[in-house]
Amino acid sequence: MKAKLVWAWVLLTILPLQARTDNRYVEVTGTSEIEIVPDKIHYLIEIREYFEEEFDGKSKPGEYRTKVPLSRIEHDLRAVLTRAGVPVAAVRTQEVGDYWRERGEDFRVSKRFDITLSDFRQIDRIVSRIDTRGIQMMRIGELENKELQEYHRKGKIEALEAARRKAAYLVESLGKELGDVLRIVEDGTAGVPPVYAAQSNVRSSDAYSFDGFRTIKKTYSVRVRFEIVDK
């Protein structure tokens, strides 16, 4: 998979030099950011029963009579998914329930699907073909990559190396040298969550609105204390 490593500026904190030589140290915070292209995309679609009169441009609530059943909406959705190249096994029912109802109307049953995709272009194809009248919600869910743990390891190492480089040039500017590592504190992994594009009654022109949300971004930070020694 493609991955892009972005160096973030390192935050530096120089602690006061102690009177005793063996207590002299510099402590810095190193950070790194990594962008990962997902190889598994969870796309969530919720369908809901509706009345045909809702879309005739003249009927008002309370006058609706012709309800489109959930089975028909689901049949049409699955046909769209098949045409978009989504295998049947990739479509998982997440939940089914009764939707709230207007006074004098029947309950409208809803159903949510978790669709596993491997390519964002499949989302484009789905959105461009789908009949949005029975769609309550569509959004990008979790993004995954099977090599995510390896990217975590690389990101932490790069943050540590960034801290060492910054500490080294600070100490050298004082006419000293960087000594042994005295302390390493991992500040944790600050993952930047994907931005969910919630959509209801989506137009086909919205199919390309996901360009900014197609990567997993992770930020890594470590605080490192180095000994300062004389040259």
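Reply: A contact means heavy atoms within 4.5 Å. The model is predicted, so local features need pLDDT of at least 70 and side-chain atom pairs count only at pLDDT 80 or more, while totals for chains, interfaces and linings use all residues. Residues are numbered from 1 along each chain as its sequence is written, and side-chain values use heavy atoms, with hydrogens and water left out.

Me: Among contacts between residues at least 6 apart in sequence, what percentage join residues at least 24 apart?

Reply: Helices (H or I, at least four residues) and strands (E, at least two) are DSSP runs, numbered from the N terminus. The chain has 3 helices and 11 strands, in the order β-β-β-β-β-β-α-β-β-α-β-α-β-β from the N terminus on. Of the contacts in question, the share that joins residues at least 24 apart is 79%.

Me: What percentage of the residues of the chain count as buried?

Reply: Buried means under 20% relative accessible area, exposed over 50%, and partly exposed in between (1.4 Å probe, protein chains only). Accessible areas come from the Shrake-Rupley method with a 1.4 Å probe, and for residues only the protein chains shown count as cover. The chain exposes about 13300 Å², of which carbon and sulfur atoms supply 49%. Of its 231 residues, the buried share is 41%.

Me: Against which elements do the buried residues of H2 pack?

Reply: In helix H2 (residues 120-129), the buried residues are Phe120, Gln122, Ile123, Asp124, Ile126 and Val127. Two of these, Gln122 and Ile126, are touched by Val86, which also touches Leu81, Val91, Ile115 and Leu117, not counting residues up to four places away in sequence. The buried residues of H2 pack against strand S4 (40-48), H1, S8 and strand S9 (135-144).

Me: How many salt bridges does a search of the whole structure find?

Reply: Side chains of opposite charge can pair when their charged atoms come close. Here a salt bridge is a side-chain nitrogen of Lys or Arg within 4 Å of a carboxyl oxygen of Asp or Glu. Glu27, Asp187, Arg223 and Arg225 are linked in a network of such bridges. The search of the whole structure finds 17.

Me: Is Arg108, which forms a salt bridge with Glu54, buried or exposed?

Reply: The closest N and O atoms of Glu54 and Arg108 are 2.8 Å apart. The pair links distant parts of the chain, with Glu54 in the loop between S5 and S6 and Arg108 in strand S8 (residues 108-117), 54 residues apart. Glu54 is partly exposed at 27% relative accessible area. At 7% relative accessibility, Arg108 counts as buried.

Me: How far apart are the closest N and O atoms of Lys156 and Glu186?

Reply: Lys156 lies in helix H3 (residues 148-172) and Glu186 in strand S10 (residues 176-192), 30 residues apart. Lys156 is partly exposed at 32% relative accessible area, and Glu186 is partly exposed at 45%. The closest N and O atoms of their salt bridge are separated by 3.2 Å.

Me: Which residue has the backbone oxygen that the side chain of Ser32 reaches?

Reply: Ser32 lies in strand S3 and is buried, because its relative accessibility is 0%. A polar contact is a pair of N or O atoms within 3.5 Å; within protein, one must be able to donate a hydrogen and the other to accept it, and residues adjacent in sequence count only if both atoms are side-chain atoms. At 2.7 Å, the side chain of Ser32 reaches the backbone oxygen of Gly155.

Me: Which residue has a backbone nitrogen 2.8 Å from a polar atom of the side chain of Asn145?

Reply: Asn145 is found in the loop between S9 and H3. Its relative accessible area is 7%, so Asn145 is buried. The backbone nitrogen 2.8 Å from its side chain belongs to Glu147.
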